[in-house]
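Hi,

Here's the structure I promised to pass on. Have a look at it first, and my notes follow below.

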Amino acid sequence: MRQAERAIFDLRRGLPILLRDTDRSVLVQAVEGLSDGALAALQALAGSTAQLVLSRHRMAALGRTVDGDAQALAFESLPACEALRELAWTRGARLPAACTARPAERCEDAAVRLLARAQLVPAAIACPVLPARAAAAAAEVADGTLLAVDVSEALRLCQSGSGQLTRVSEARVPLSEADDSRFILFREADGMHEHVAIVIGERARWPDAIPVRLHSSCLTGDLFGSLRCDCGEQLRRGVAAIRAQGGGVLLYLTQEGRGIGLANKLRAYGLQDEGLDTIDADQVIGFSKDERTYRVAHEMLEALGIPKVLLLTNNPGKVEALQRAGINVVARQAIYGAVTAQNQRYLHTKANRHGHWLHDLLNEQGEPASDEPERLPAPGRAPSP
């Protein structure tokens, strides 16, 4: 998947790529950062008028319920780049009357998926390469100016991830909550994503069901103590809880903003300040309510030889993902942060719209929330909230 992985870097640099399918080739570029000059150059090379490709989540935010994962929009008169960006992620934008929509074809769908994996706004400009311009496009591919990617390869990358993890380096890193900790860094094959396993305590003293927490990175909460979320407290309390039970593993996963990246998380914060909750804000910029997968967590646990776990989480999705992957999750234990005036709406959204097990924490009676481990039912059934 080397070409597809390279495509992610080119898209992040604001460059176009050529996606090739059996019977067509399409030039695509991210709307994010696109200039009018670059748009004109793309259309000239392809010999066709550009179309805007948006995810179904963004289309829903624009008031259109659609089939499929993405839609291609054709305009009677193509808007300038600033107007295209408004259509791609601005709240309150409206589609022009002279605009037709159709389900995205494979190349267009792959473009949106690649942009989401690159943690850019999932909105692409797509220009089919006309037969008369095929030789010109091929020449740019041949001289290295333009990267060509097979659409099947791009879709495989987006659907299954970038391939096997590499265990890169490790060192002892004493922590205030657990001074006998060791950090092990894993790198994905795309070179863009790195994840850390924090191994706590001596393995010989670990319990039979090993305490494990999957923690998605949160720069604002983990590092700066943001009051908008409970991530920083959950991280530190997770380490302390693992240490108190004799040791185990915390997987620190590069999945900022539930997988949308820091830039998009800050965009979503701006929309939340306008009154949207976290799920609706993510939809406005084109994302689902949770873009994370836990394939990497499964691979890290396998690499560490951990088949049976007590999972420290409030998220039923994490339990289900590990169980589907074959990890024996025998019990789960809640990990709570403090409820504050600033994060209360966020926590209620996680409980009521994401289905997180937070109702004990958010109960109106003010009773203390329990963080005692609970045995899990068979896979496919959730504990009672």
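The Arg117 side chain makes a polar contact with the side chain of Glu188, at 3.3 Å (that is, a pair of N or O atoms within 3.5 Å; within protein, one must be able to donate a hydrogen and the other to accept it, and residues adjacent in sequence count only if both atoms are side-chain atoms). Arg117 sits in helix H5, residues 106-117 (helices, H or I, of at least four residues and strands, E, of at least two are DSSP runs, numbered from the N terminus). Arg117 counts as buried because its relative accessibility is 17% (buried is under 20% relative accessible area, exposed over 50%, partly exposed in between, with a 1.4 Å probe and protein chains only).

Keep in mind that this is a predicted model: local features need pLDDT of at least 70, side-chain atom pairs count only at pLDDT 80 or more, and totals for chains, interfaces and linings use all residues. Residues are numbered from 1 along each chain as its sequence is written, and side-chain values use heavy atoms, with hydrogens and water left out.

Next, strand S11 (residues 210-216): seven of its seven residues are buried, so the rest of the structure largely encloses it. Ile210, Val212, Leu214 and Ser216 point one way, while Pro211, Arg213 and His215 point the other.

Cheers
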